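Q: Please take a close look at the salt bridges of this structure, and describe the partners and their surroundings in a connected account.

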Amino acid sequence: MKKIIIALFAVALPMMMQAQSEGLISKKTFNGQNSDMSFYAAKGAIPEEGGKVVFKDVISAPGKNKEDIFNKLAQWASLRYEPNSMMGNDYREPNFYKNIEYAKITEANKQSGEIVCQGAEELVFSVKPLVKSFTQAFYLLNLHASDGKVEFRLHTLSFNVDQGEGEFLRMSAEEWISDDECLNKKGELKRRNGKFRIKTIDMVNELKKEISEAINQ
């Protein structure tokens, strides 16, 4: 009997080691689109303005006039923030998103060049048989079109954080993914809320990329 047990263990050991290396039976760190995790842990990667998390940027469109930019921007936004819509089937793709019913455009003023989008979408961390790890993210995105550029401002960001047993708690970005709340004393991402920070940074970068592509067509 001992010989049989030893033989079975010898066969199983390489399989166990492989499973552990692939994260099947070990704790696995969530990875983002950027392979360098220090990118997400860098101080200021989640920018703040007056104590609030605010992502700001200027997306250039050389040679394009305000009207042309606004029209392309409005077309992009109408598709990107259509409620109950989804882009792609694989959450690991950078352009994947799944909107919930609260996603919409709240303002589109051609004269002023202002477009305001209400983001309400799932951010998926992992998918396993019968289990999906995700959050719901809510935010406002202000876009201002003018000659040659779009001013980008994403703010009022919050998440529904899973508390277990079907209970969710709404947490603001300031109290969940900011430097003070999300980085440990070593300057590393905390395990529980670090994945929220990673997904948020990836989402913002993808939005800016999509806008740039849309207005520069």
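A: In this predicted model, K72 forms a salt bridge with D68, and their closest N and O atoms are 3.6 Å apart. Both residues belong to helix α3, where they stand 4 residues apart, about one turn of the helix. K72 counts as buried because its relative accessibility is 17%, under the 20% limit. D68, in contrast, is partly exposed, since its relative accessible area is 26%.

A second pair consists of K132 and E122, whose closest N and O atoms are 2.9 Å apart. K132 is partly exposed, with a relative accessible area of 35%, whereas E122 is buried, at 9%.

Salt bridges that share partners also join E49, K56 and R153 into one network. E49 is partly exposed, with a relative accessible area of 35%, while K56 counts as exposed because its relative accessibility is 53%, over the 50% limit. In general, side chains of opposite charge can pair when their charged atoms come close.

The surroundings include the largest nonpolar core, which has 40 residues. Helix α3 and strands β7 and β8 are among the elements that each supply at least two residues of this core. The largest share, 9 residues, comes from α5.

Note on methods:
Residues numbered from 1 in each chain as written. Predicted model: local features only at pLDDT ≥ 70, side-chain atom pairs only at ≥ 80, totals over all residues. Heavy atoms only, no water. Core = buried A, V, L, I, M, F, W, Y, C linked by side-chain atoms within 4.5 Å. Buried < 20%, exposed > 50% of the residue type's maximum accessible area, 1.4 Å probe, protein only. Salt bridge = Lys/Arg side-chain N within 4 Å of Asp/Glu carboxyl O.
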